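Please view the sequence and the coordinates side by side while reading.

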Amino acid sequence: MGAKLRVMGPDKAGEALGREALQHVDALYAYAHYLTRDAQRAQDLVQETFARSLASARSFTPGTALKAWLFRIQRNVFLDQRRRETKSPVRGELDAEIVIGVSKDDADYDHLRGIVASEIEAALSALPEPQRSVVLLDLEGFSESEMADVLGCAPGTIKSRLARARAALRELLKEYAR
Amino acid sequence: MSTRQDEAERALTELLAERLPRPRAPEALHARLSELVVKQRPSQRWPGVLAGLGAFAAAAAVLLMISRTPAPSENPLLREVVNDHLRVLYAQHPVEIESGGIHQVKPWFSGRLDFAPRVTVEDDPEWPLVGGSISYVLDRKAATFVYTRRLHTISLFVFPDGELPWPQTSPHMLGDVQAQAMTARGYNVLLFKRQDLGYALVSDLSMRELSLLGEKLAAP
């Protein structure tokens, strides 16, 4: 029995998961685009994400959110790659959040309406990775618990992290609007 | 929240939803990924042969099982730990925390992993510890310890072992602990479990010498 499972299990599990995962390629690529900020690296990242997902298909629990599982793997691969590229063996926290208080000048939201796509892309890219990720995951429609799973943090911290990220993004966008 | 803040939030939401570029994956990437998925498909040849052969079905089934049993070098876990070891070898800075001894390296992992790696080889002059880092074994984080012996580098990966595609080979005993001893791409690999953690030792060191370190790590 054990031998049969070993023979039949991985391939079938990998193929079934892979077929479903193909539906999320564009979403994974868009996320990779904003993680790497480089088209070729984004492609490599998605491909590595797929290779790892297929190799560990049996560790995926059917019935749970495949898309969140794929995003978690992709972010982990990205962080792993970036860590290996870092020159110094011991470093400080690279991704300290931009903390910006709630602006008193909320009337400036009118300026946001004049922002063009390249400016919002640049502003988003200027955020540290954890803030960039939480904004992108929110846009993808993930729930707070799914975002927490992808980002490896407690669900309770997602709301505050997202609020800080959006506040930082608004402030950055105001600069473009002026 | 004030109305102005509500409106500012709404404006940002609209801006992100409507104007943030969401690049689509190039067709070439779609094609490569589809190809990767198709490669996962089990061969359809053998079931057809079995149906047609009738009386030989039982024998053919045995052959089928053997033919589909992954060779040790194809095991995903084995492939992954060898790849991770190669990354250690090729990295300009293979460790993130340089060692001043295991008592400096182990605490470095707390807060970076959701498990505590149990490593019993401490300040052993025969197995100098270079340092540690975080890596990934398939879908999960792993603690990486890098040891040296003469001019050889040895990577030790420690990771939660649940539901990993553990290879099935003849047992290789490390003291009382049952391990799997394999070779892939010229590297010797020892895989074993202790409690709920998996351990992978990878090196170009001989299997005999690697097993000496394995026995120390597997000791209670």
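The sections below treat the two chains in turn, beginning with their overall make-up.

## Overall composition

The model is predicted. Chain A contains 9 helices and 0 strands, and its elements follow one another along the sequence as α-α-α-α-α-α-α-α-α.

Chain A has 178 residues, of which 50% count as buried. In chain B, which has 220 residues, 46% count as buried. Among the contacts of chain A with a separation of 6 or more, 74% are between residues 24 or more positions apart. For chain B, 57% of the contacts between residues at least 6 apart in sequence link residues at least 24 apart.

## Helices α3 and α4 of chain A

Two packed helices are described by the angle between their axes and the distance between the axes. In chain A, helix α3 (residues 39-55) and helix α4 (residues 66-85) have axes that come within 9 Å and cross at roughly 120°. The two helices α3(A) and α4(A) are therefore oblique to each other, and their crossing is right-handed.

On the α3(A) side, the contact involves A:Arg41, A:Leu45, A:Val46, A:Glu48, A:Thr49, A:Arg52 and A:Ser53. These meet A:Trp69, A:Leu70, A:Ile73, A:Gln74, A:Val77, A:Phe78, A:Asp80, A:Gln81 and A:Glu85 of α4(A). By residue class, the contact of α3(A) with α4(A) comprises 7 nonpolar, 4 polar and 5 charged residues.

## Helices α4 and α7 of chain A

Helix α4(A) also contacts helix α7 (residues 129-139) of chain A; the axes of this pair come within 13 Å and cross at roughly 160°. That angle makes α4(A) roughly antiparallel to α7(A). The crossing of α4(A) and α7(A) is right-handed.

From α4(A), the residues in this contact are A:Phe71, A:Arg75, A:Phe78, A:Leu79 and A:Arg82, and from α7(A) they are A:Glu129, A:Pro130, A:Ser133 and A:Leu137. They divide into 5 nonpolar, 1 polar and 3 charged residues.

Helix α7(A) is largely enclosed by the rest of the structure, because 9 of its 11 residues are buried. The buried residues are A:Glu129, A:Pro130, A:Gln131, A:Arg132, A:Ser133, A:Val134, A:Val135, A:Leu136 and A:Leu137. Just after α7(A), A:Gly141 adopts a positive phi of about 90°.

A:Arg132 is located in helix α7 of chain A. Its relative accessibility is 3%, so A:Arg132 counts as buried. Leaving aside residues up to four places away in sequence, A:Arg132 touches A:Tyr34, A:Leu35, A:Arg37, A:Leu124, A:Ser125 and A:Leu127.

A:Ala122 belongs to helix α6 (residues 117-126) of chain A. With a relative accessible area of 31%, A:Ala122 is partly exposed. A:Ala122 and A:Tyr34 are separated by 88 residues in sequence, and their C-alpha atoms are 9.9 Å apart in space.

## The sheet of chain B

Strands of a sheet pair through backbone hydrogen bonds, either parallel or antiparallel. Chain B holds an open sheet of 8 strands in the order β1-β2-β3-β4-β8-β7-β6-β5, with antiparallel pairing. Its edge strands are β1 (97-98) and β5 (171-174), each of which pairs on one side only. Helix α5 (residues 76-90) of chain B lies across β2 (129-137), β3 (140-149), β4 (152-160), β6 (177-184), β7 and β8 of that chain, and runs at about 130° to β4(B).

Within the sheet, strands β7 (residues 187-194) and β8 (residues 197-203) of chain B run antiparallel and are joined by 7 bridges. B:Val189 has B:Val202 in β8(B) as its bridge partner. The antiparallel strands β5(B) and β6(B) are joined by 4 bridges, and B:Met173 has its bridge partner, B:Gln178, in β6(B). β5(B) and β6(B) form a hairpin with 2 residues between them, and B:Gly175 in the turn has a positive phi of about 65°.

Notes: Residues numbered from 1 in each chain as written. Chains lettered and ligands numbered in written order. Predicted model: local features only at pLDDT ≥ 70, side-chain atom pairs only at ≥ 80, totals over all residues. Heavy atoms only, no water. Axes fitted to C-alpha atoms, helices over the stretch in contact; angles between N-to-C directions. Parallel < 35°, antiparallel > 145°, perpendicular 65-115°, else oblique. Left-handed = near helix turned anticlockwise from the far one by under 90°. Contact = heavy atoms within 4.5 Å. Nonpolar A, V, L, I, M, F, W, Y, C, P; charged D, E, K, R; others polar. Pairing = 2+ DSSP bridges. Buried < 20%, exposed > 50% of the residue type's maximum accessible area, 1.4 Å probe, protein only.
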